[in-house]
There are 2 protein chains.
Amino acid sequence: MYRSRIKNETLWSKVVSPQQAAMLIRDGMVVGMSGFTRAGEAKAVPMALADRALAGEPLGITLITGASLGNDLDKTLAEAKVTRRRMPFQADPTLRKEINAGNVMFVDQHLSETVELLRSGQLGPLDVAIVEAVAITENGGIIPTTSVGNSATFAMLAEKVIVEINITMGEEMEGLHDIYIPTRRPYREPIPVVDTRSRVGLPYIPVDPSRIAAIVITDKKDSTAKIEPPDHETKAIANHLIGFLDNEVKRGRLGLNLAPLQAGIGSIANAVLHGFGDSHFHDLTMYSEVLQDSTFDLFDCGKLTYASGSSITLSADKHESVLRNINKYKSRLILRPQEISNHPEVIRRLGLIAINTALEADIYGNVNSTHVMGSQMMNGIGGSGDFARNAYLSVFVTKSVAKGGRISSIVPMVTHVDHCEHDVDIIVTEQGLADLRNLAPRERAKVVIANCVHPSYRDEIADYVAEATRTVGGQTPHMLDKAFFLHQRLRDQGSMQPVAATQAAE
Amino acid sequence: MYRSRIKNETLWSKVVSPQQAAMLIRDGMVVGMSGFTRAGEAKAVPMALADRALAGEPLGITLITGASLGNDLDKTLAEAKVTRRRMPFQADPTLRKEINAGNVMFVDQHLSETVELLRSGQLGPLDVAIVEAVAITENGGIIPTTSVGNSATFAMLAEKVIVEINITMGEEMEGLHDIYIPTRRPYREPIPVVDTRSRVGLPYIPVDPSRIAAIVITDKKDSTAKIEPPDHETKAIANHLIGFLDNEVKRGRLGLNLAPLQAGIGSIANAVLHGFGDSHFHDLTMYSEVLQDSTFDLFDCGKLTYASGSSITLSADKHESVLRNINKYKSRLILRPQEISNHPEVIRRLGLIAINTALEADIYGNVNSTHVMGSQMMNGIGGSGDFARNAYLSVFVTKSVAKGGRISSIVPMVTHVDHCEHDVDIIVTEQGLADLRNLAPRERAKVVIANCVHPSYRDEIADYVAEATRTVGGQTPHMLDKAFFLHQRLRDQGSMQPVAATQAAE
């Protein structure tokens with residue numbers, strides 16, 4: 001039955017069990033696996049690897065993916081100690097613990113850059129690629145499933161290719177993907193994407209069939225995403241941003257179709273996108289990396305005309321209704337390699353409005369996307385740097401406080417910088433919006449404190465700036481022994497609130 | 001006599017004195033002036049502005065340029081309090097003092113981005129452009145002098161254009177420039193530059209002659225640059241980098257012509273480029289922003305085949321010999337708008353080796369290019385972010401210590417981040433070279449401490465990391481109350497050295 005999915009008959013003999021396919025992978029290898037934002041990851045072979053390691057075989061690999069994996073794969077591989085080195089992104093609590101303990105070396109990379117390193121031989125060589133597919137075409141082309149990620153380059157560069165054909169993925173997904181891989185430098189041509197809708201490549205990953213070493217048949221589904229529904233605060237964030245964009249339209253800088261939208265993964269960005277459903281903007285387009293529930297809701301309510309991404313990651317509610325009805329969306333949808341969805345060249349050319357989530361932001365406009373208290377890795381920078389640096393408008397959203405008010409998301413100085421002040425145009429919390437464009441740092445601090453900081457932290461942070469300005473001065477006034485005073489208080493007292501306030505609240 | 005420089009006769013009547021031309025500029029205006037790395041700035045009209053302000057007229061402007069200005073213009077305009085807001089870069093001690101005192105609002109921008117903001121109406125409108133020129137063509141085209149910078153976009157967007165024809169600049173400069181301006185989003189086409197040599201635009205800035213409101217004739221030369229000759233340490237830095245690149249060639253990642261080189265302004269980068277003159281690399285090319293003495297020395301010794309930049313900034317020694325003999329170099333030389341010389345799209349496509357100077361770097365690979373002690377602005381980020389983020393190989397160079405050893409250029413945590421760990425591949429000091437590619441932060445720290453830190457700081461910084469790893473752990477171990485301990489010591493004791501060591505040295 002699965003043979004209808006392998007249109008090149010010479011490949012039928014390559015169908016093996018996951019265990020047999022996994023035998024192609026040995027200790028010390030560099031392995032590239034499909035998977036981006038818990039979508040379209042190879043599901044069977046990695047489990048077989050974990051089983052071997054758990055059975056006592058020394059088996060550690062460098063694992064490169066598109067982005068995060070679903071089906072607890074990063075957990076399973078970390079627990080089995082198969083993952084020794086990991087790049088370019090992850091979002092698993094167990095793996096995160098191993099990374100922060102220094103047991104797994106995690107190389108946190110811009111999502112557009114990993115394959116540049118592989119292609120130029122600065123990373124690798126890649127021993128094995130494992131790519132989930134809907135089907136294999138007659139000429140050996142691999143049709144990806146719900147994500148493209150780095151799969152195309154993995155398959156083109158790896159010494160051996162393992163294909164996992166997932167029979168739960170409908171064959172009607174064929175035609176969804178657009179596989180374009182930039183030519184090698186120094187002879188690279190411009191990437192011909194000039195519009196969200198541009199189709200510039202093939203609907204499959206071109207691979208010489210002789211390089212496909214094994215094929216595995218699987219029937220495990222993608223994990224579904226847990227997306228928090230919009231709440232009072234995320235709705236306020238959406239409203240502030242929509243109000244701002246409204247004003248940009250009034251000033252003639254944008255039309256009512258705005259500019260292609262990018263939204264980072266997670267509940268806040270998803271809620272912001274939902275907000276566009278109730279706005280008077282129309283004929284919107286997306287040029288993003290992950291397409292979440294909100295993308296399809298915007299399609300369904302007629303606000304969105306076209307969406308380009310590298311993966312589709314849906315909640316349990318949406319999963320079946322979208323994937324079973326993919327034909328309904330296919331003419332308005334495109335999945336690209338993450339190198340193209342996140343390419344600085346294309347992002348700058350199209351002039352995106354990029355909306356990403358800050359872990360913390362500081363009063364001068366620097367953003368921390370990755371490190372809790374400057375040391376502990378959360379997930380990784382992902383594509384936020386690709387987008388924020390090159391967008392027409394770079395927006396960061398966050399609730400002003402976390403952990404019931406014990407943490408202020410806006411601080412005097414972020415403990416780790418992923419996005420420097422030069423790359424952040426707009427900061428939005430439920431308190432309000434700070435438009436930092438063309439402001440000097442001293443001016444930025446005023447606007448961020450007035451508009452974004454939670455009232456319970458506003459005075460203390462304003463006092464910090466006033467004292468730093470008076471005693472130290474400079475373009476960006478900071479007192480180096482006090483810059484992290486809120487973080488130190490959190491570490492010592494369990495809250496960034498002053499002791500009196502904390503006690504009063506208890 | 002100057003009339004031969006104005007080939008459109010209808011414009012002869014526009015020739016006025018600098019004072020008359022300056023009357024087009026009024027209090028509160030936004031003014032765009034030519035000038036990039038002290039080359040090709042408008043020289044006469046700004047002085048007339050300063051005179052008016054010094055005579056008591058209220059006259060403050062927002063001053064936008066390409067980059068830094070020569071002829072003490074930023075000093076003169078700051079002293080006269082003409083400069084109220086300034087972007088995107090400066091390098092003048094007097095202006096710097098006003099910025100750090102909070103008297104001038106300085107908006108520090110990526111050099112490729114300023115005109116995107118202007119073009120999209122997020123900055124401006126631009127009231128007046130003042131552009132230095134060699135000549136004006138019959139159709140009103142402005143032929144720039146030693147820099148292109150942002151002049152083309154200024155002239156195309158400003159309500160009124162003032163041209164300063166500098167008769168000390170030889171007419172043989174015609175043909176040196178390549179003016180290509182990206183089309184407006186959302187209909188932007190790929191930028192057709194696919195090679196250092198690509199000529200894709202016009203040899204002049206196209207302007208409707210009716211928009212030229214005044215023409216001024218000047219005879220003031222560009223300031224010359226003070227470039228420190230290579231010393232023992234900058235030679236060591238060059239040798240470490242050349243040894244590294246040699247190894248990349250041996251490993252087949254690069255050919256002996258390497259990849260197009262970019263080098264930041266300043267003595268260290270200049271010395272590193274000089275180092276290539278003694279290497280066995282050949283047929284080198286440059287795709288850079290400023291072309292300094294070293295570019296022409298590399299031409300003269302036959303190592304360099306082509307150079308593309310946005311300006312030519314030379315020492316007193318080189319100035320005459322290059323500009324008087326520009327025909328000798330013209331077929332191998334091109335000056336582009338800074339938006340193109342620094343464009344992420346082109347930099348990523350060409351696969352540059354980018355060599356920039358760090359003010360300080362930290363053990364995890366973050367780089368501070370702008371802020372002394374986290375607060376005081378030096379010059380600005382300039383083009384370093386455009387290049388470091390998008391280069392094939394991003395190199396930062398610095399001497400390991402400054403101020404006679406009292407400052408370590410490598411610190412546990414930089415006090416300001418311009419280039420995050422994701423954008424820094426290689427750090428080089430005279431001590432050695434740290435190859436940070438594909439390393440996790442804990443691994444980076446080991447290599448940077450072993451290879452780059454000055455021996456007099458090595459143990460203390462290693463102790464910091466060991467303690468942070470033991471007590472805090474994480475992906476990037478940091479103790480927030482000690483991360484700036486070297487800076488605090490410098491502030492309190494005048495040196496980052498421990499007291500005992502400082503006394504012993506005295």
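Me: How do you know which residue and which chain a name refers to?
Reply: Residues are numbered from 1 along each chain as its sequence is written, and chains are lettered from A, ligands numbered from 1, in the order in which they are written. In this predicted model local features need pLDDT of at least 70, side-chain atom pairs count only at pLDDT 80 or more, and totals for chains, interfaces and linings use all residues, while side-chain values use heavy atoms, without hydrogens and water.

Me: What is the predictor's confidence in chain A?
Reply: pLDDT is the predictor's confidence in each residue, from 0 to 100. The mean for chain A is 96. Of its residues, 98% reach 70 or more. The model scores ipTM 0.97 and pTM 0.97.

Me: What makes E345(A) and R349(B) a salt bridge?
Reply: The rule asks for a side-chain nitrogen of Lys or Arg within 4 Å of a carboxyl oxygen of Asp or Glu. Here the closest N and O atoms are 3.0 Å apart. The pair therefore meets the rule. Across the interface of chain A and chain B the rule finds eight salt bridges.

Me: How much area do chain A and chain B bury between them?
Reply: Buried area is the accessible area (1.4 Å probe) that two parts lose on being put together, summed over both. The value is about 6500 Å², with 46% of it on carbon and sulfur atoms. Chain A gives 76 residues to the contact, and chain B gives 76 residues.

Me: Why is M105(A) called buried?
Reply: Buried means under 20% relative accessible area, exposed over 50%, partly exposed in between (1.4 Å probe, protein chains only). M105(A) has 15%, so it is buried.

Me: Which residues does M105(A) touch, leaving aside its neighbours within four places in sequence?
Reply: R84(A), R85(A), R86(A), A440(B) and E443(B) are in contact with M105(A). R86(A) is 19 residues apart from M105(A) in sequence and 6.3 Å apart in space, C-alpha to C-alpha.

Terms used:
Contact means heavy atoms within 4.5 Å.
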